[in-house]
Amino acid sequence: MKTLLIIGIGAGNPEHLTVQAIHALNRTDVFFLLDKGSAKQKLMHLRRAICERYIDHRRYRFVEAASPERDRGGDYTASVHALNQAKQRLLERLLDEQLADGECGALLVWGDPSLYDSTLRIVQAIAAGGRELEYEVIPGISSIQALAASHKVALNRIGGPVEITTGRRLAQGQANTAGSVVVMLDGENAYQHLQAPDEHIYWGAYLGTEDEILIAGKLADVAEQIEQVRQAARRANGWIMDTYLLQPPPGDED
């Protein structure tokens, strides 16, 4: 029997790792690292640094492979399904060729594996396909938690709900019915199209890392600043991952 651990490693700060995650790292024989290109090499290095920092033996090894890319044209949902199928085939091959029976492998997932990440779905599909594979999920600190902590703000208003959505849905006109809305995967600056100039935004990029950027304020006042900073950061780093919270003006508690 082979074992695969899906380990949430936090939003970027090595100290985000839980004690459970550190124990999981020390159980692992093989770490599978899916390379997303030169622009994100810093993330690959951070994974290795986390292992070097917390694992108290050197019996583990890394197996790297180029991650498939999503087709940016056509239907979004269909392209994501196709990407996940390609990743599944890749991971199946790596498990067959690089992980021996009785060994423990691991995938290091940014943030938490349950939130806007397909790793868990891919591993579930592999396990359902007849392989003798046990898998475990270790939760991690998400970018949402890191965002709230860095801005020193509560995600919810008193007794109120929090909605988590994507920039794509926000751009399509999704209404804010929760009061507090966390937006992820926004590649199009969807906040600019909201008809709510008094809404407050708490924005953060590269959360938990040494490159962390934070901007907060009334949406009408800071939307342009966020766009400019975001464009500059993408040019400088070759990629950007940001998250933001939208809420009514401070003090407008129900």
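1. Asn189 lies in the loop that joins β7 and β8. In this predicted model, Asn189 has a positive phi of about 55°, although the residue is not a glycine. Its relative accessibility is 9%. Buried means under 20% relative accessible area, and Asn189 therefore counts as buried.

2. Tyr206 is not a glycine, yet its phi is positive, at about 50°. With a relative accessibility of 4%, Tyr206 counts as buried.

3. The loop between β7 (180-184) and β8 (200-205) also holds Leu185. Is Leu185 buried or partly exposed? Its relative accessible area is 38%, so Leu185 is partly exposed.

4. Leu185 belongs to a nonpolar surface patch of about 490 Å².

5. Two packed helices are described by the angle between their axes and the distance between the axes. Helix α3 covers residues 76-98 and helix α4 covers residues 119-128. Their axes come within 10 Å and cross at roughly 60°. Because of that angle, α3 is oblique to α4. The crossing of the two helices is right-handed.

Methods:
Residues numbered from 1 in each chain as written. Predicted model: local features only at pLDDT ≥ 70, side-chain atom pairs only at ≥ 80, totals over all residues. Heavy atoms only, no water. Patch = residues over 30% accessible without salt bridge, like charges linked within 9 Å, V, L, I, M, F, W, Y side chains within 5 Å. Areas by Shrake-Rupley, 256 points an atom, 1.4 Å probe, with all protein chains shown as cover. Salt bridge = Lys/Arg side-chain N within 4 Å of Asp/Glu carboxyl O. Helix = DSSP H or I, 4+ residues; strand = E, 2+ residues; numbered from the N terminus. Buried < 20%, exposed > 50% of the residue type's maximum accessible area, 1.4 Å probe, protein only. Axes fitted to C-alpha atoms, helices over the stretch in contact; angles between N-to-C directions. Parallel < 35°, antiparallel > 145°, perpendicular 65-115°, else oblique. Left-handed = near helix turned anticlockwise from the far one by under 90°.
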